[in-house]
Amino acid sequence: MAELDTLDLVVLAAILFGTVAYFTKGKLWGVTKDPYASSLTIASGAKAGKTRNIVEKMEEQGKNCIIFYGSQTGTAEDYASRLAKEGKSRFGLETMVADLEEYDFDNLDTIPNDKVVFFVLATYGEGEPTDNAVDFYEFITNEDVNFTEGNEPALGNLNYVTFGLGNNTYEHYNSMVRNVDKALQKLGAHRIGDAGEGDDGAGTMEEDFLAWKEPMWKALAEKMGLEEREAVYEPVFSIVEREGLTKESPEVYLGEPNKMHLDGTAKGPFNAHNPYIAPIAQSYELFSVKDRNCLHMDIDISATNLNYQTGDHIAVWPTNPGEEVDRFLNILGLSEKRHTVVSVKALEPTAKVPFPTPTTYDAIVRYHMEICAPVSRQFLAQLAAFAPDAEAKAEMTKLGAEKDYFYEKISLHHLNIARVLDIVSKGQKWTNIPFSAFIEGITKLQPRYYSISSSSLEQPKKISITAVVESTQLPGRDDPFRGVATNYLLALKQKQNGEPEPCPFGLSYELTGPRNKYDGIHVPVHVRHSNFKLPSDPSKPIICIGPGTGVAPMRGFIRERVQQVKNGEKVGKTLLFFGCRKSTEDFIYRNEWEEAKEILGDNFELITAFSREGPKKVYVQHRLKERAEEINQLLEQKAYFYVCGDAANMAREVNTVLGQIISEQRGIPESKAEEIVKNMRSSNQYQEDVWS
C-alpha cells in the first residue's frame, strides 16, 4: 500500500472536518437562538448570575416600587401583579413584581426612602408562611435579625405597604401579614395605609382587596407626592404570531411545563416548578350516588427519586375541560387560530412570561390559565373599554363599579370570564381585547393539593388519593359548577377502567397530554411535605377526627399503625371518628377498618356518625362528646389529636367540644380548658389538615 503524503493527509482532514461540520450544524454549532423563546427555569430561586440584591435590582431597572408576594395558590401573586399594573397606569410608579424566595433581605435597611416596598402575603395552613416565603419570614421575625448598615432603628428608612390573604375559619387568621407587619414596625419601618386583610373564609377576599386598595393608594400618593392620571391599558406582553412554525414544530410547547419535558428528558427534582408524569397504578370509585362520586387512585412513583411521608400532600396538575377551552377561544374569535403558534415576550424587563414559548393559543388556555375560576370585578372594569358595542360596554362598566350588582349577576352564579363575556355581549365576539390582557388578568392554572391517604411505611413508592368529585348546583345556572381537577381525575379513572371516550358529566379532557406524553394513564404530580404527622413514638395514643374524605390522611395513619404491628412494634390506642351521610351510601373504606381491627385488636376503634339515618342529624363532634370520659383519659396520657376536613363548621365545632370535654371532665373553667387546647396546638399535640 502506498504511503499517504502530507498533501493527502491535509485533504482527508479537510474532508472529514467538512463532513462533521455539515452534519452537526444547528446541533453543536450554528444554532439560531429564538429571540422570543422562553423555556422557564426549573429550579426555584434566581438563575445563575441573577442578583439577589433588592436595591441593586431596583436601581438596575430604574424602579421605585417593588411588590413582593408570598403565594401558595397564585392569588397573592395575582394581586401583586394587579397592584403593580395599577400603580404604573394610575400614578406613574415604576413598579416591579418579585418572588420573595428570589431575594435576600439583609439590605432592606439600604432601600432609599423615596422608594416603597409592598408585601402581599398569603397565610398557608395553620398560620404558616407559603413555600416561597419561608426564608423571608424566618429572617424578618428573628429576634436577632441583622442588617448590613447597623442603623438605629434598623429599618427607619423603609416605607412599606402590606396586604394579607387569609381564612377566618383557621385559628391563625392572616397570621403571616400580622406577624410581618409587627416585625417591620418593631424594626422602625413606616407603614403606608392600613395593613389590609382579605378573608377567603367569608368569601369576601376580592371585595376586601378592592376596599383596601383605594385608601391605600390615596395614602401612598400623599406620602410620595404622586399625582393620579387617567389609567390607560398598556400591555405587559407582546404576542407575536410565528408564521414559520406549526404545532408540529419540535420547538413549540403544546402544554409541556418546561424544556426538559419538551425534549422528553424530564428528570428530578420534581416540585412545584417541575411535575413528574406519574403512571396511575389503579383507580376506582369508592361510591357513586346521584350527585356525588368519590375516587380512590394510586399513583406510582417507583421510577423516580420522589418520596413522601405519611400525612403529606400530593399536588395534581390539572388541565381545563375542552368545553371551557372552546367557549373561551370562541368568544374571543380565536377558534380558527387555536393552533396558531405564538411567542409571548415581556415588554417590561422585570415581568415574567408565566409559561414557556413559543406555544399555541390552545395550549395557553388549556394548560396554563384558570379559565374556570370566578372572574374579578376589577378585571371586568378593565375589559369594558374593549367591548364590541356601547350596550356591552355600559354593562361591563356597571358590573365593574357596583359591588351588589356584580354579586347578583356574576358571583352568585360562579361565572367564569368566558361565560360573562358571552352573556354581556349576547354572543358577539370580543375581538378587540389584547390577548396580553388575559395573560395578565387571569391567574395561572394551579396544582390542586390532596391529603395523601396511604402510608409511606407500607407503600413508599405508591401514593393514594381519596377525593370527592366536585359538582355544585348553583342558582341561575343551567349546569352545575364542576371542579377542574376532580373531574379530570374522574375522566382518567373512566379511561383506565375501559371507557374509550371518557366524558364525565359532559366534560372532555386531553387525557393523553401534550404530544401524547401522558398516554397510558398518567397524571402530572409533585409532593408537598406537611407538618400533619404521627407521633414519633408509636405507643402514644391517637384520636383521629375525619368525616367524609377528611378520613384520607387518617387512613394513612391507621395503615401505618397496622404495618408497625406487622413489623413487631407496639402501638398505642387509636380512635377514629368517621362521619358520612348513610352507612349504605358513602361509608368509605368500610372493609379496611374491619381488617385494621383484626390486626390492631383492642387498640383500634371506629366510631361512626351517620348524619341522615336517624330522626336527628348526628355528626362526629356529637360522637366525640359522647366519649368525653375516654377522650379526657387519653389526653391525660398525652394522646395526639388530629382533625381533617371542613374548617368552617366541623373543625371549629370539634375544637369547641374538646374544650368543653376538658372543662367538664377536669372540673375547670372553660377559659382554662380553652387555654389547654391552645397549648396542645402550639406543641403539635393537636394538629389540623383542614380546608374551606
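T304 sits in the loop between β10 (292-300) and β11 (313-316); helices (H or I, at least four residues) and strands (E, at least two) are DSSP runs, numbered from the N terminus. This is a predicted model: local features need pLDDT of at least 70, side-chain atom pairs count only at pLDDT 80 or more, and totals for chains, interfaces and linings use all residues. Residues are numbered from 1 along each chain as its sequence is written, and side-chain values use heavy atoms, with hydrogens and water left out.

**T304 and its surroundings**

- T304 counts as buried because its relative accessibility is 12%; buried means under 20% relative accessible area, exposed over 50%, and partly exposed in between (1.4 Å probe, protein chains only).
- Leaving aside neighbours within four places in sequence, T304 is in contact with F270, Y276 and K461; contact means heavy atoms within 4.5 Å.

**Whole chain**

- The chain holds 21 helices and 23 strands.
- The C-alpha trace spans about 95 × 85 × 60 Å along its principal axes.
- Of the 692 residues, 52% count as buried.
- Among contacts between residues at least 6 apart in sequence, 78% join residues at least 24 apart.

**Nonpolar cores**

- The largest nonpolar core has 44 residues. Such a core is a set of buried Ala, Val, Leu, Ile, Met, Phe, Trp, Tyr and Cys residues joined through side-chain atoms within 4.5 Å.
- F328, M369, I417, L421, W430, F435 and F438 have the most contacts inside this core.
- Elements that each supply at least two of its residues include α8 (322-331), β12 (341-346) and α11 (390-401).
- Helix α13 gives the most, with 5 residues.
- A second, separate core of 33 residues includes M297, Y308, I463 and Y509.
- Beyond four places in sequence, F328 is in contact with V365, M369, I371, I417, A418, F435, F438 and I442.

**Strand β3**

- All 9 of the 9 residues of β3 (residues 116-124) are buried.
- V116, F118, V120, A122 and Y124 point one way, and V117, F119, L121 and T123 the other.
- β3 runs parallel to β1 (residues 65-70), joined by 6 bridges; two strands pair if DSSP finds at least two bridges between them. Y69 stands opposite V120.
- β3 also runs parallel to β5 (residues 159-166), again over 6 bridges. F119 has T162 as its bridge partner there.
- β4 (residues 128-129) runs antiparallel to β3, with 2 bridges. Y124 partners E128.
- β3 and β4 form a hairpin with 3 residues between them, and G125 in the turn has a positive phi of about 60 degrees.

**A three-stranded sheet**

- An open sheet of 3 strands has the order β8-β12-β13, with antiparallel pairing.
- Its edge strands are β8 (237-241) and β13 (359-360).
- β12 and β13 share 2 bridges, and V341 has T360 in β13 as its bridge partner.

**Cysteines**

- The structure holds 0 disulfides; a disulfide is a pair of cysteine sulfur atoms within 2.5 Å.
- The sulfur of C544 is 10 Å from the closest cysteine sulfur, in C644, so the two are too far apart for a bond.
- C544 counts as buried, at 0% relative accessibility.
- C644 also counts as buried, at 0%.
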